[in-house]
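Please examine the sequence and the three-dimensional structure shown below. The briefing that follows treats helix packing, sheets, the ligand surroundings and backbone geometry in turn.

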Amino acid sequence: MATLKSRTIKPIKFLNLPLHQRALRKPLLAAMTRVLDGAHFILGPEVQALEKEVAAGCGAKFGVGVNSGTDALVLALRALNIGPGDEVLVPDFTFIATATSVLLVGATPVLVDVEPGTLTLDPKLAAKAVTRRTKAIIPVHLYGQPADMTAILALAKKHKLAVVEDACQSLGATWRGRQTGSLGDAGAISFFPTKNLGGIGDGGMLVTNRAEVAAHVKRLRNHGCDQKYIHLELGYNSRLAEIQAAALRVKLPHLEKWNRRRQYLAGLYAQGLSGTSVITPSVCKDAAHVFHQYAVLTPHRDALRKFLQVQGIETAIHYPMPLHTQPLLKGLASSKAAFPVSKRAAREVLCLPITPELTNAEAARVVEAIQAFFHKSKYSI
Ligand SMILES: Cc1ncc(COP(=O)(O)O)c(C=O)c1O
């Protein structure tokens, strides 16, 4: 096997944040300067403007800036009166914050397996998990692909469940033409730096069409007060920093172009990998996927990952453990279920580089390397 060193090939990074920021360095610095000069660092004009811009982009009436996607989930649940004694349906295959947000409000997450094609919450299994204590459901638009919102909204309507969309990975993705985040009672968005719209630190936003939910989250993010020093309920300090909002406003106008670039690269991967035995992401016909991650499945995941690493190609595993195996969640009654799909996903998933900065030539190199792995190695194509 030719090694990276012997062929002196440029490595292909999984993420290249310095390169991503470089193109916007000037406007980003100008935005930082604007905030420094204005010295209105907390809940100032940048946050207010970003809230309007993101909400409008999501087709939602309100946006409330908070300090992370996790807090957007927690505050959404609080505002929807989910708490001790309540059960909330969450997928078993997601980032831990989807479930910990439920624990943080004192409710019980009920883990549900995901669909084999999209790896998003399986609505049929969710229906079976509903009890008289179920009060909410959190579909996760995993990797940038919307969950089956038609089925989930129907289930929620039937059982009067609140729907909090975990749209932390899916800003710009649509389900039947409607933006994720705006389909349920509330949507949680993350601006973690690696997201499709990433800040220069932590950040998040809740979007909603319900005025009372937006107003309640505004109060909760600011120590439970609407009026200075009058504290109506137990709140948090979870305000989106002005400097983050200013940086995000520089990047937001580029999001659509970046998402289109991710979709184009996904097309190159899908075409190039069609002759190999890796399973490429299946995109539901009702969904516009924004490929926060490009996740393939193969039983030879670990060997393939090693092979790609030797070729200088970085990959990542999102996620190596289904939630039911997390030490934190093992005590849940629902953790005893079987979860065949999420278990397999955790064993077989491999995320390929798919940032907007990835060149066509780099994507072609990734494809060639995967093809070579299956041709040259003992693993059948
Ligand atoms: C699916 C999902 N939910 C929730 C979160 C939490 O977002 P944050 O890191 O901004 O708290 C993330 C971010 O990693 C995520 O990917």
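The axes of helix 5 (residues 69–79) and helix 6 (residues 97–104) cross at roughly 40° and come within 9 Å. This is a predicted model, in which local features need pLDDT of at least 70 and side-chain atom pairs count only at pLDDT 80 or more, while totals for chains, interfaces and linings use all residues. Residues are numbered from 1 along each chain as its sequence is written.

- Two packed helices are described by the angle between their axes and the distance between the axes.
- Axes are lines fitted to C-alpha atoms, for helices over the stretch in contact, and angles run from 0 to 180 degrees between N-to-C directions.
- Helices (H or I, at least four residues) and strands (E, at least two) are DSSP runs, numbered from the N terminus.
- Helix 5 passes helix 6 in a right-handed crossing; a crossing is right-handed if the near helix is turned clockwise from the far one by less than a right angle, and left-handed if anticlockwise.
- Helix 5 contributes Gly69, Thr70, Leu73, Val74 and Leu77 to the contact, and helix 6 contributes Ala97, Thr98, Ser101, Val102 and Leu104; two residues are in contact if their C-beta atoms, placed from the backbone, lie within 7 Å.
- The residues of this contact between helix 5 and helix 6 comprise six nonpolar, four polar and no charged.
- In this classification, Ala, Val, Leu, Ile, Met, Phe, Trp, Tyr, Cys and Pro count as nonpolar, Asp, Glu, Lys and Arg as charged, and the others, Gly among them, as polar.

**Other helix pairs**

- Helix 3 (residues 25–38) packs with helix 10 (residues 242–251) at an angle of about 150°, and their axes are 9 Å apart.
- Helix 3 and helix 10 are therefore roughly antiparallel to each other, and their crossing is right-handed.
- Pro27, Leu28, Ala31, Met32, Arg34 and Val35 of helix 3 make this contact with Glu242, Ile243, Ala246, Ala247, Arg249 and Val250 of helix 10.
- The contact of helix 3 with helix 10 has nine nonpolar, no polar and three charged residues.
- The axes of helix 11 (residues 255–272) and helix 14 (residues 360–376) cross at roughly 30° and come within 10 Å.
- Helix 11 and helix 14 are therefore roughly parallel to each other, and their crossing is right-handed.
- Leu265, Leu268, Tyr269 and Gly272 of helix 11 meet Asn360, Ala363 and Val367 of helix 14.
- By class, the contact of helix 11 with helix 14 has five nonpolar, two polar and no charged residues.

**Sheets**

- Strands of a sheet pair through backbone hydrogen bonds, either parallel or antiparallel.
- Seven strands form an open sheet in the order 1-9-8-5-4-2-3, with mixed pairing; two strands pair if DSSP finds at least two bridges between them.
- The edges of this sheet are strand 1 (62–66) and strand 3 (108–112), each of which pairs on one side only.
- On average, neighbouring strands of this sheet are turned by 25° against each other, direction ignored.
- Strand 2 (residues 87–91) and strand 3 run parallel and are joined by five bridges; Leu89 stands opposite Val110 in strand 3.
- Helix 4 (residues 45–58) lies across strand 1, strand 8 (186–190) and strand 9 (204–208), at about 130° to strand 1.
- Helix 9 (residues 211–220) also lies across strand 1, strand 8 and strand 9, but runs at about 20° to strand 1.
- Another open sheet has three strands in the order 7-6-12, with antiparallel pairing.
- Its edge strands are strand 7 (178–179) and strand 12 (287–288).
- Strand 6 (residues 174–175) pairs with strand 7 over two bridges, and Gln179 in strand 7 is the bridge partner of Thr174.

**Ligand surroundings**

- Of the 15 residues around the ligand, Ser68, Gly69, Thr70, Cys168 and Ser190 come nearest; a residue counts as near if its C-beta atom, placed from the backbone, lies within 6 Å.
- Helix 5 and helix 6 are the elements that give two or more residues to this shell.
- The shell has five nonpolar, eight polar and two charged residues.

**Backbone geometry**

- Most residues other than glycine have a negative phi, and most peptide bonds are trans.
- Ala39 has a positive phi of about 55° and lies in the loop between helix 3 and helix 4.
- The peptide bond from His318 to Tyr319 is cis, with omega near 15°.
- Tyr319 lies in the loop between helix 12 (301–310) and helix 13 (340–348).

Key:
Parallel < 35°, antiparallel > 145°, perpendicular 65-115°, else oblique.
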